[in-house]
Amino acid sequence: VVSVTLFGAYLVSRDVRRELRLAEVRSRFVSAVSHELKTPLTAIRMFAETLQLGRAPDPETQTEYLETIVNESERLTRLLNNVLDFSKIDTGRKEYDFEREDLVKVVSDALEAYRFYLRDQGFEYDIFLPPGPIFTLLDKDAMTQALLNLLNNAEK
């Protein structure tokens, strides 16, 4: 009876330590996500307020500010989709939709979507992709998100 009780106490202790570690990871995740969400929101607000107050000196600058607002909105959407995907993965509800796709086009489109943001941050890049299509089964949205995450990590 004593060994069963000790074993039970050990299992409870191990489970509590695991839950505490998970709570810490979740807390750090929420903190990081909050910080990541603030960055595009701040840019969107700043450029929108500048336009609203009529402080953009010429149509070219206004267009540039609007492009920044659109790009930062898209970035914000990607970040929110990441959070939703992490939640689905954590609960085992993430489903992938594998279809025959051109990998070269998926990679090219993902890089093009991030081009303006990287240029705005002072980065340049060259794309070296095979000239023809490479068809494979993949979840286009998941692959695009993975590529954007890699670009975001490289930028940091």
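Helices (H or I, at least four residues) and strands (E, at least two) are DSSP runs, numbered from the N terminus. By this definition Glu-64 lies in helix H2. The structure is a predicted model, in which local features need pLDDT of at least 70 and side-chain atom pairs count only at pLDDT 80 or more, while totals for chains, interfaces and linings use all residues. Residues are numbered from 1 along each chain as its sequence is written, and side-chain values use heavy atoms, without hydrogens and water.

Glu-64 counts as partly exposed because its relative accessibility is 42%; buried means under 20% relative accessible area, exposed over 50%, and partly exposed in between (1.4 Å probe, protein chains only). Together with Asp-58, Glu-60, Glu-67 and Asp-120, Glu-64 forms a negative surface patch. Like charges are joined within 9 Å, and nonpolar side chains (Val, Leu, Ile, Met, Phe, Trp, Tyr) within 5 Å. Helix H2, residues 59-90, gives the most to the negative patch, with three residues.

A nonpolar patch on the surface is formed by Phe-29, Val-30, Phe-86, Ile-89, Tyr-96, Phe-98 and Leu-137, with about 730 Å² of accessible area together (Shrake-Rupley method, 1.4 Å probe). Helices H1 (2-52) and H2 are the elements that give two or more residues to this patch. Val-30 is in helix H1.

Gln-145 sits in helix H4, residues 140-155. Gln-145 is buried because its relative accessible area is 12%. Leaving out residues up to four places away in sequence, Gln-145 touches Arg-78 and Asn-82, where contact means heavy atoms within 4.5 Å.

Key:
Patch = residues over 30% accessible without salt bridge, like charges linked within 9 Å, V, L, I, M, F, W, Y side chains within 5 Å. Salt bridge = Lys/Arg side-chain N within 4 Å of Asp/Glu carboxyl O. Lys, Arg positive; Asp, Glu negative; His and termini not counted. Charge placed at Lys NZ, Arg CZ, Asp CG, Glu CD.
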